[in-house]
2 protein chains.
Amino acid sequence: MGLPAEFSLIARHFKPLAGPGSLDLRDDAALLDPPAGRQLVLTADAMVAGVHFLPDDPPDLIGRKLLRVNLSDLAAKGAVPLSYLMTVSTPKDTPDAWFAGFAAGLAQDQATYGVTLLGGDTTSTPGPISLSLTIIGHVAPGAAVHRFGARAGDDIWVTGTIGDGALGLAVALGRLSDPTGFLLNRYRLPQPRVGLQLAGIATAGMDVSDGLVQDLGHLCRASGLAAEIEVEAVPLSDAARQAGPDWLTTCLTGGDDYELLLGVPPDRAAALQQAASRIGVAVTRVGHFHSGPPEVMLRQASGESLALTKGGWSHF
Amino acid sequence: MGLPAEFSLIARHFKPLAGPGSLDLRDDAALLDPPAGRQLVLTADAMVAGVHFLPDDPPDLIGRKLLRVNLSDLAAKGAVPLSYLMTVSTPKDTPDAWFAGFAAGLAQDQATYGVTLLGGDTTSTPGPISLSLTIIGHVAPGAAVHRFGARAGDDIWVTGTIGDGALGLAVALGRLSDPTGFLLNRYRLPQPRVGLQLAGIATAGMDVSDGLVQDLGHLCRASGLAAEIEVEAVPLSDAARQAGPDWLTTCLTGGDDYELLLGVPPDRAAALQQAASRIGVAVTRVGHFHSGPPEVMLRQASGESLALTKGGWSHF
């Protein structure tokens, strides 16, 4: 008896991604022996065509982004990635080449980040491609960095540059030019800061996925603090600077950065910089936390605060 | 500063479902301390409106079915459920009452099955409601039951009754009458056989989600055996019998049963029956495995085999 097409598709494209405990994706469930003496860290993100990526984005980049947005959440907690489960719902007319490209992108990033596929599900959908990925990592017990935990006087640091993702989306939508392709690539292919040592350095942390201002608001609420951003200190890429000052608000409030946003006591600045240099990423101090009701103030060098009409991205 | 609507929705409807390690769903990732000395068992299933449920199905039943189809996979491995992550993608005009009903259904079944929500993601979608759930359970190391492992001479057993789910879908589509509502309820609300002791009893097992014949084919391929079903032995509900013989093929090949399909050596039949009685579920011997190339033969009491044109459900 032959295998139905669904299983043939899994065997062709997803089985090569499967790692230890996956039972070659041929059972109803996977097995995981938790690393001894470690605490597991788990997170799940969904991505939908037309919302989180564009339907005609290259499928390998869609696969890589799906994995990377989840890796970014683990990185923000200081966790070591281990493996993942994934569900893939696609229209019936999705060509085989789409799956091949999607899986090739995953394979590439699995090698980069040292994770393997543990299990999942493929289904059809009458709607747009809908993807969901649950990733599992681990930390020393109690060592995970949280959104809460920042203290008044802690500095606020970010990795990399801020705003490229939102500008890249504007490029993809034809609203902004991008001669080098840098911004579009930043939108399509986040760089999760996996491996950045946070334990003993950051008092609080998260990744910037919904915009710097909104996400810093989360840290403020969770930690019961106010935050002040020094606008001119926010690291912008050359491409973002070339977009001009009209795009500054987009950089500060747009989503899809997937850089880390951290609270770090001043006396640990050097430790953070050393940790960052070990993984080859820049870190920049952009402000500080202080006592007060949770809010984010954007202070300009002129001394005036920058007012925003839109705080960040919400799906509802 | 106020919370965006997305976070308010999570706080209202999903935070009450959140358990230990979830950090009240207010962080980027959840924590899980693996039960000492146990092996984790993980599985993920997606459900899409118009494919796995009907768009106007009651939202509490959609939530319960989403949880139960995953619980069923754990049950088929003999695993104890622990917690789950979930992603929920909904159209922007989805009313708040839908989320309230969906969460109420989950809450009800969380209490029944002893699981809690660990984390997840909510997003919008321009398409139908798309749900994905990853569930985590645990077993004694090496005790999980797999699709492989059946041996020639093992009997084939099923829990409950077969075919009600597929007939219930026919009812929902207006193709079959259902005076008591039994079949429709069986389609909408699977009964995962959580807690059925399989270790030391079943040599192989899975849940019947894509149809008895197709799923038995999986056990055959995984175990390298042929199977013979005694058609008249397949347990049908009174409602399925009343549908008449024209629906027999649907019962044998339809999906959505979520009963367990097990390989059990003849000398463990009593142990299986005792284990089943402890959770109040019927078990029925429906055939046996024998040496030969992987195939499923449907033997009738007349001695003739029943030929099928459709082996089961595939999404592609």
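Mentor: Start at A:Arg285, which is partly exposed at 29% relative accessibility. The classes are buried (under 20% relative accessible area), exposed (over 50%) and partly exposed (in between), with a 1.4 Å probe and protein chains only. This is a predicted model, where local features need pLDDT of at least 70 and side-chain atom pairs count only at pLDDT 80 or more, while totals for chains, interfaces and linings use all residues. Residues are numbered from 1 along each chain as its sequence is written, chains are lettered from A and ligands numbered from 1 in the order written, and side-chain values use heavy atoms, without hydrogens and water.

A:Arg285 forms a salt bridge with A:Asp155, with 2.9 Å between the closest N and O atoms. A salt bridge here is a side-chain nitrogen of Lys or Arg within 4 Å of a carboxyl oxygen of Asp or Glu. A:Asp155 sits in strand 6 (residues 155-159) and A:Arg285 in strand 10 (residues 283-290) of chain A, so the bridge ties together parts 130 residues apart in sequence. Strands (E, at least two residues) and helices (H or I, at least four) are DSSP runs, numbered from the N terminus. A:Asp155 is buried, at 10% relative accessible area.

A second bridge in chain A joins A:Glu228 and A:Arg299, at 3.4 Å from N to O. It links strand 8 (residues 226-230), which holds A:Glu228, to strand 11 (residues 296-299), which holds A:Arg299, so parts 71 residues apart in sequence are tied together. A:Glu228 is buried, at 15%. A:Arg299 is partly exposed, at 29%.

Now chain B. B:Arg193 pairs with B:Glu259 in a salt bridge, with the closest N and O atoms 2.8 Å apart. B:Arg193 lies in the loop between helix 5 (182-188) and strand 7 (204-208) of chain B, and B:Glu259 lies in strand 9 (residues 259-264), so this pair ties together parts 66 residues apart in sequence. B:Arg193 counts as buried at 14% relative accessibility. B:Glu259 counts as buried at 0%.

Bridges with shared partners also join A:Asp27, A:Asp28, B:Lys77 and B:Arg147 into one network. Across the interface of chain A and chain B, 6 salt bridges are found. One salt bridge joins the side chains of B:Asp27 and A:Lys77, at 2.4 Å from N to O. Over all chains, the count is 28 salt bridges.

What surrounds those cross-chain bridges? The contact (heavy atoms within 4.5 Å) takes 72 residues from chain A and 72 residues from chain B. Of the interface residues of chain A, 100% are also interface residues in chain B, so the copies meet through the same surface. The buried area is about 5900 Å², with 60% from carbon and sulfur atoms. Buried area is the accessible area (1.4 Å probe) that two parts lose on being put together, summed over both.
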